[in-house]
There are 2 protein chains.
Amino acid sequence: MSQTDCPFCEKLRDLSSLQASEVVWRFPYSVAFLGPWQFYRGYCVLAARSHERELFHLPDEVRRAYLDEMCLLAQAIDQAFHPHKLNCESLGNQVPHLHWHLFPRSGDDPDRLSPVWLALAAAESDPELRRRLEGEPIDRPAIATALRQTLTSLKAPRA
Amino acid sequence: MSQTDCPFCEKLRDLSSLQASEVVWRFPYSVAFLGPWQFYRGYCVLAARSHERELFHLPDEVRRAYLDEMCLLAQAIDQAFHPHKLNCESLGNQVPHLHWHLFPRSGDDPDRLSPVWLALAAAESDPELRRRLEGEPIDRPAIATALRQTLTSLKAPRA
């Protein structure tokens, strides 16, 4: 997958066309998007601004700054929504452009001992579970606002 | 879970009692263990030396050094086994002591587009799949040696 057919590169090229609530924060080396599965309240996807496949393909200083941004976003999700545990995952099996899935896990989630991917796979054939994991009813702008306020209080860098 | 009943703290306290092939590398801020699922050839678990739940609970300098070690181990796995893609995951749902799962994914894996957790969950009720994912027949010391040689060539820091 090259930059021309990469869905992350496409989103990053035209951030202003996205709804305001979908872009949580524009960091210098990455952009945080509100993720689709808001049963995991505060779930974000943090896409690197560079189209690279692996962390060690980034120059050292860029990689460290990108990871600082990831940790700061994780801290903001934690402060805003008080999860039981955070799951930080950089997979890229479908889209090999560096991005982190930051999933806050709730102590009330009966599946809290398992990776989220088992529930998300089950939701593919279960519309009711899918709606539950999407977090309906949900106020996505309010979630994005809470994250932005926390990132502001943490003095998160902006591009 | 406190340090006294944490399985990672227990392993880290007594590394010399483990088989040599199981401890891949002793970094200053973490220790790399060879993981059980060697169908993902080179799979390692990188446990932080400190018993902390989240990355942002570590002091900045310790966190950055730990993440540098994670990236170097990922690079070594990549150089030694040439995976199609690496999956880097810090979950801690069962053991909330910081650790990375570094899963190299093969282009020949029919499930390469999915997180490994789906296959690993299926293996719980399928002994044949379990044996396949454990990577049998397998020479674990040879895998550990290949990783150590690569880490040496990358000048990885040692504790």
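This is a predicted model: local features need pLDDT of at least 70, side-chain atom pairs count only at pLDDT 80 or more; totals for chains, interfaces and linings use all residues.
Visitor: Is strand β4 (residues 85-90) of chain A enclosed by the rest of the structure or open, and how many of its residues are buried?

Guide: Let's take the faces in turn. In a regular strand the side chains alternate between the two faces of the sheet. On one side of β4(A), A:Lys85, A:Asn87 and A:Glu89 are buried, and on the other A:Leu86, A:Cys88 and A:Ser90 are buried too. The strand is therefore largely enclosed, and the buried count is six of the six residues.

Visitor: Which residue of chain B stands opposite A:Cys88?

Guide: β4(A) is joined by five bridges to strand β5 (residues 99-105) of chain A, running antiparallel. Three bridges also link β4(A) to strand β4 (residues 85-90) of chain B, again antiparallel. In β4(B), the residue opposite A:Cys88 is B:Ser90.

Visitor: Are helices α3(B) and α4(B) oblique or roughly antiparallel?

Guide: Helix α3 (residues 116-123) and helix α4 (residues 127-134) of chain B have axes 7 Å apart and pack at about 135°. Roughly antiparallel would need an angle over 145 degrees. That makes α3(B) to α4(B) oblique.

Visitor: Which charged residue takes part in the contact of α3(B) with α4(B)?

Guide: From α3(B) come B:Ala119, B:Leu120, B:Ala122 and B:Ala123, and they meet B:Leu129, B:Arg130 and B:Leu133 in α4(B). The contact divides into six nonpolar residues, no polar and one charged.

Visitor: Which cysteine does B:Leu102 touch besides B:Cys88?

Guide: B:Leu102 is among the residues touching the most other members of the largest nonpolar core, which has 86 residues. Leaving out residues up to four places away in sequence, its contacts include B:Leu73, B:Ile77 and B:Cys44.

Terms used
Residues are numbered from 1 along each chain as its sequence is written. Chains are lettered from A and ligands numbered from 1 in the order in which they are written. Axes are lines fitted to C-alpha atoms, for helices over the stretch in contact, and angles run from 0 to 180 degrees between N-to-C directions. Helices (H or I, at least four residues) and strands (E, at least two) are DSSP runs, numbered from the N terminus. Angles under 35 degrees count as roughly parallel, over 145 as roughly antiparallel, 65 to 115 as roughly perpendicular and the rest as oblique. Two residues are in contact if their C-beta atoms, placed from the backbone, lie within 7 Å. Ala, Val, Leu, Ile, Met, Phe, Trp, Tyr, Cys and Pro count as nonpolar, Asp, Glu, Lys and Arg as charged, and the others, Gly among them, as polar. A nonpolar core is a set of buried Ala, Val, Leu, Ile, Met, Phe, Trp, Tyr and Cys residues joined through C-beta atoms within 7 Å. A residue is buried if 20 or more other C-beta atoms lie within 10 Å of its own, exposed if 12 or fewer, and partly exposed in between; C-beta atoms are placed from the backbone. Two strands pair if DSSP finds at least two bridges between them.
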